[in-house]
Amino acid sequence: MGFLVTSGIFLLAGVIGCLFSLLCCNRGPSTNLFHLTLVITATVCCWMMWAIVYLAQMKPLINPILSGE
């Protein structure tokens, strides 16, 4: 999968998580804002972790050392 496809999947998962938190945990505007902030922060952190690992594989800092056999 490409970078943009998987980023879209994370975006879709974030939107679904936000809708789920609004529908299932509707306790007032202040609590809803707190829940949305938590869901968005968790989605962005998971996406950034995935993106760093994905992009680090494209140009690794340490090259493998091949034996001379």
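How many disulfides does a search of the whole structure find?

## Cysteines

The search finds 0 disulfides, a disulfide being a pair of cysteine sulfur atoms within 2.5 Å. This is a predicted model, in which local features need pLDDT of at least 70 and side-chain atom pairs count only at pLDDT 80 or more, while totals for chains, interfaces and linings use all residues. Residues are numbered from 1 along each chain as its sequence is written, and side-chain values use heavy atoms, without hydrogens and water.

Cys 25 has its closest cysteine sulfur in Cys 24, at 6.0 Å, which is too far for a bond. Cys 24 has a relative accessibility of 49% and so counts as partly exposed. Cys 25, at 26%, also counts as partly exposed; buried means under 20% relative accessible area, exposed over 50%, and partly exposed in between (1.4 Å probe, protein chains only).

## Two packed helices

Helix 1 covers residues 3-24 and helix 2 covers residues 29-56. Helices are DSSP runs of H or I with at least four residues, numbered from the N terminus. The two pack at an angle of about 165°, with their axes 9 Å apart. The helices are therefore roughly antiparallel, the term for angles over 145 degrees.

## The contact

Contact means heavy atoms within 4.5 Å. Helix 1 contributes residues including Phe 3, Phe 10, Gly 14 and Leu 22, and helix 2 contributes residues including His 35, Val 39, Trp 47 and Tyr 54.

Definitions and conventions: Axes are lines fitted to C-alpha atoms, for helices over the stretch in contact, and angles run from 0 to 180 degrees between N-to-C directions. Angles under 35 degrees count as roughly parallel, over 145 as roughly antiparallel, 65 to 115 as roughly perpendicular and the rest as oblique.
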